[in-house]
Amino acid sequence: MYSFNSLFTILCFPFLLLSIFAHESYTHRARGPCKEMVFYFHDIIYNGENYKNATSAIVGAPEWGNRTIMSSPNNFGDLIVFDDPITIDNNLHSPSIGRAQGMYFYDQKDIFSSWLGFSFVFNNSDYKGSLNFAGHDPLMNKTRDISIIGGTGDFFMARGIATLRTDAFEGSVYFRLHVHVKLYECWKLL
């Protein structure tokens, strides 16, 4: 008969091999992104007079604020929801390839800063599905990185980083973000 040690070795050897190969495949990811894209999204905040063109609105404000003018200091406490057009160039009037839908809120009194949670919902022939984003946005930095935490359709379970850059702004009514998407986990061939 087999001794206990040899039986243990025979039974455990396949699991040992499996754990070695599973670890190897996990640690040898591609160093660069598997997919890169650049988009622009255009945010037009409702200011009490631009209902027809507005793509976002203040839905929550601190007691000292209101819902048509950003709060002071640094917009602290304002919660904004948005449904903004996404374009592949920086022209607001270019054909939209989808919508940026979600929210952001200004989260610090001393520094102009926000937290974002949103999705890019694509509705064109080049891209199908959505990408989901979340993270802290220190607005005074020239570029900021936020996490891509998933997706659907062509972007099923995608993960990566989006580098944001404020491309243009007009007071507190309009801003345009340049969004450089770098996906490091691509489960569906893009």
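Visitor: Over which residues does pLDDT stay under 50?
Guide: That's residues 23-28, where the model has zero contacts beyond four places in sequence. Here pLDDT is the predictor's confidence in each residue, from 0 to 100, and a contact means heavy atoms within 4.5 Å. Where pLDDT is low, the predicted coordinates should not be read in detail.

Visitor: What does the protein chain average in pLDDT?
Guide: The average is 82, and 75% of the residues score at least 70. Helices (H or I, at least four residues) and strands (E, at least two) are DSSP runs, numbered from the N terminus.

Visitor: Okay, rings. How many aromatic pairs does the structure hold?
Guide: There are 17. Rings of Phe, Tyr and Trp (its six-membered ring) pair if their centres lie within 6.5 Å; planes under 30 degrees apart count as stacked, over 60 as edge-to-face and the rest as tilted. Take F82 and F118: their centres are 5.9 Å apart and their planes at 55 degrees, so that pair is tilted. F82 sits in strand β3 (residues 79-87) and F118 in strand β5 (residues 114-123), so the pair ties together parts 36 residues apart in sequence.

Visitor: Is F82 buried or exposed?
Guide: Buried, at 7% relative accessibility. F118 is buried too, at 3%. The cut-offs are under 20% relative accessible area for buried, over 50% for exposed and partly exposed in between (1.4 Å probe, protein chains only).

Visitor: And what about F122 and F155?
Guide: Their ring centres are 5.3 Å apart with planes at 40 degrees, so this pair is tilted. F122 is in strand β5 and F155 in the loop between β7 (143-153) and β8 (159-170), 33 residues apart. Both are buried.

Visitor: Switching topic: which residues does N123 touch, not counting those up to four places away in sequence?
Guide: S96, I97 and G98. N123 lies in strand β5 and counts as exposed, at 54% relative accessibility. The backbone nitrogen of G98 lies 3.2 Å from a polar atom of the N123 side chain.

Definitions and conventions:
Residues numbered from 1 in each chain as written. Predicted model: local features only at pLDDT ≥ 70, side-chain atom pairs only at ≥ 80, totals over all residues. Heavy atoms only, no water. Polar contact = N/O pair within 3.5 Å; in protein donor to acceptor, adjacent residues only side chain to side chain.
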